[in-house]
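This report describes a single protein chain from its computed geometry. The sequence and the model are shown first, and the description follows.

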Amino acid sequence: MVDSIRSPSCLFDPLRHEPLKAIPWDEGRVRACIGRITAETEARFTPEGWWPPHPRDLEPGEDAELPATSLYWGACGVVWALHHLQEAGAVRLQRDYRGAEGLADLLARNTAWLGDEATAQAGSFMMGELPLRLIEHAAAPLSATADRLADLIAANMSHPARELMWGSPGTMLAALFLHQRTGEARWAELFRNTAAVLWSQRSWSEEFACHYWVQDLYGRQSTYIDAVHGFVATAVPLIHGRHLLDEADWGAWQACIENTVLRTATWEGRQVNWRPVLTPPPTKPLLMQYCHGAPGFVICLADMPGTALNAVLEAAGEAAWAAGPLKKGSNLCHGTGGNGYAFLKLYQRTGDAVWLQRAQAFAMHGIAQTEADAHQYGQLRYSLWTGDPGFAIYLWDCLRGRAEFPTLDVF
């Protein structure tokens, strides 16, 4: 077995978690919550203001009256979530939010929000123009939109972030979705070319005997290995798009990914977690959420073929279960819904019903969190990754016993 980090430090901070509420699984209540989130989200929409931002999503100094626009925590993500729920058969919408005029307005607002960085960051998968063009292409697959998407993917190929939110792993994921949607060879070529660039950009850690990437991000260099900015997030498009790679190339990628994941794991007994960055070492208890921690590793890696990661992924699931729901609410990125998706992924990978039961237990707890937050703030949290529409998708997947993480597994 590959040697891994052994540490006496806690795998999670109990102060960031809360006891799981003993609420029995109730399919009727789950369906009602999905319907309530959808109905209230539609009711709060206005063409002039889209959706109001949530106080917990506002950065210091931001205008509380200005709607967010991005895929990650703004109107683009809400539009995607609503239409995904409708296409999955979960709800029926009162209107189409993907009209050309509305998307043009969102694009203009998002460009203004990015400011001087708008051109450089247009290819960002979670923050830029790219996801709006993907939605536009899904609604009306015009050649001009496809050409613009190809330009955005090609231009982002050497982005220095080397991570999912802003960098080329996100645009590689977009190329994969477009290939799945159209079958066109140009998307497969863009996917392979991006993978080749990323391979050439790897760094080697003598300390851990594994590869990693350095991210030039937010004005500094980092060595994230987590599920938004880090190594395992980059693994997502590679794993899902491995059929587009030569057999030898995929074999090399698989060995690289498995080695880094195993050598950077922090074990305590039969549970495991990962540090957010390779270096420097963490000085606090590790985080246990999608964006930083074991749940994100499970979600990003659960579709890896073979058995090399079986033990570490199940140990990561056990650690997420032991930690309990997060106090930050029901959201996907750093909340109960995101951690619950790790259990759905393990159910899909192993077929063991205990993981589905755990996912459903987190779903019921998350419903209670959503109801309490709505009462406290007088509104829902209109966001895909940090709010209630994303959580509604998690509830739907708990009903189906599926694990299609929004915008990573399906777009």
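## Conventions

A residue is termed buried under 20% relative accessible area, exposed over 50%, and partly exposed in between, with a 1.4 Å probe and protein chains only. By this scale Asp373 is partly exposed, with a relative accessible area of 21%.

The model is predicted, so local features need pLDDT of at least 70 and side-chain atom pairs count only at pLDDT 80 or more, while totals for chains, interfaces and linings use all residues. Residues are numbered from 1 along each chain as its sequence is written, and side-chain values use heavy atoms, with hydrogens and water left out.

## Overall architecture

The protein chain has 14 helices and 7 strands; these are DSSP runs, of H or I over at least four residues for helices and of E over at least two for strands, numbered from the N terminus. Its radius of gyration is 20 Å, close to the 22 Å that the globule rule gives for 411 residues, so the chain is as compact as a globular protein of that length. The radius is taken over C-alpha atoms, and the rule is 2.2 Å times the number of residues to the power 0.38. Along the principal axes, the C-alpha atoms fill a box of roughly 55 × 50 × 40 Å.

Buried residues account for 58% of the 411 residues. Contacts are defined by heavy atoms within 4.5 Å. Among contacts between residues at least 6 apart in sequence, 70% join residues at least 24 apart.

## Surface and charge

The protein chain exposes about 16,100 Å², of which carbon and sulfur atoms supply 51%. This area comes from the Shrake-Rupley method with a 1.4 Å probe.

There are 33 positive and 45 negative side chains, where Lys and Arg count as positive and Asp and Glu as negative, and His and the chain ends are not counted. The centres of the two sets lie 4 Å apart, each charge being placed at NZ of Lys, CZ of Arg, CG of Asp or CD of Glu.

## Salt bridges

A search of the whole structure finds 20 salt bridges, each a side-chain nitrogen of Lys or Arg within 4 Å of a carboxyl oxygen of Asp or Glu. One of them joins Asp373 to Arg56, with the closest N and O atoms 3.5 Å apart. This pair links distant parts of the chain: Asp373 belongs to helix α13 (residues 353-377) and Arg56 to the loop between α1 and α2 (75-87), 317 residues away. Arg56, at 31% relative accessibility, counts as partly exposed.

Arg162 and Asp216 form another salt bridge, at 3.8 Å from N to O. Arg162 lies in the loop between α5 (143-155) and α6 (168-182) and Asp216 in strand β4 (residues 215-217), so the pair ties together parts that are 54 residues apart in sequence. Arg162 is buried, with a relative accessible area of 16%, whereas Asp216 is partly exposed at 30%. A further bridge connects Glu404 and Arg400 at 3.4 Å, N to O; Glu404 is partly exposed at 22% relative accessibility, as is Arg400 at 29%.

## Backbone features

Besides taking part in a salt bridge, Arg162 has a phi near 50 degrees, a positive value in a residue other than glycine. Ala209 also has a positive phi, about 55 degrees, although it is not a glycine. Ala209 is found in the loop between β2 (203-205) and β3 (210-212) and, at 25% relative accessibility, counts as partly exposed.

The peptide bond from Thr279 to Pro280 is cis, with omega near 0 degrees. Pro280 is situated in the loop between β7 (271-274) and α10 (294-301).

## Buried helical elements

Helix α8 (residues 231-240) is mostly covered, with 10 of its 10 residues buried. Among them are Phe231, Val236, Leu238 and His240. The buried residues of α8 pack against α6, α7 (185-200), β3, α9 (247-263) and α10.

Thr38 lies in helix α1 (residues 27-44) and counts as buried, at 4% relative accessibility. Leaving aside residues up to four places away in sequence, Thr38 touches Leu82, Leu85, Val91 and Leu93.
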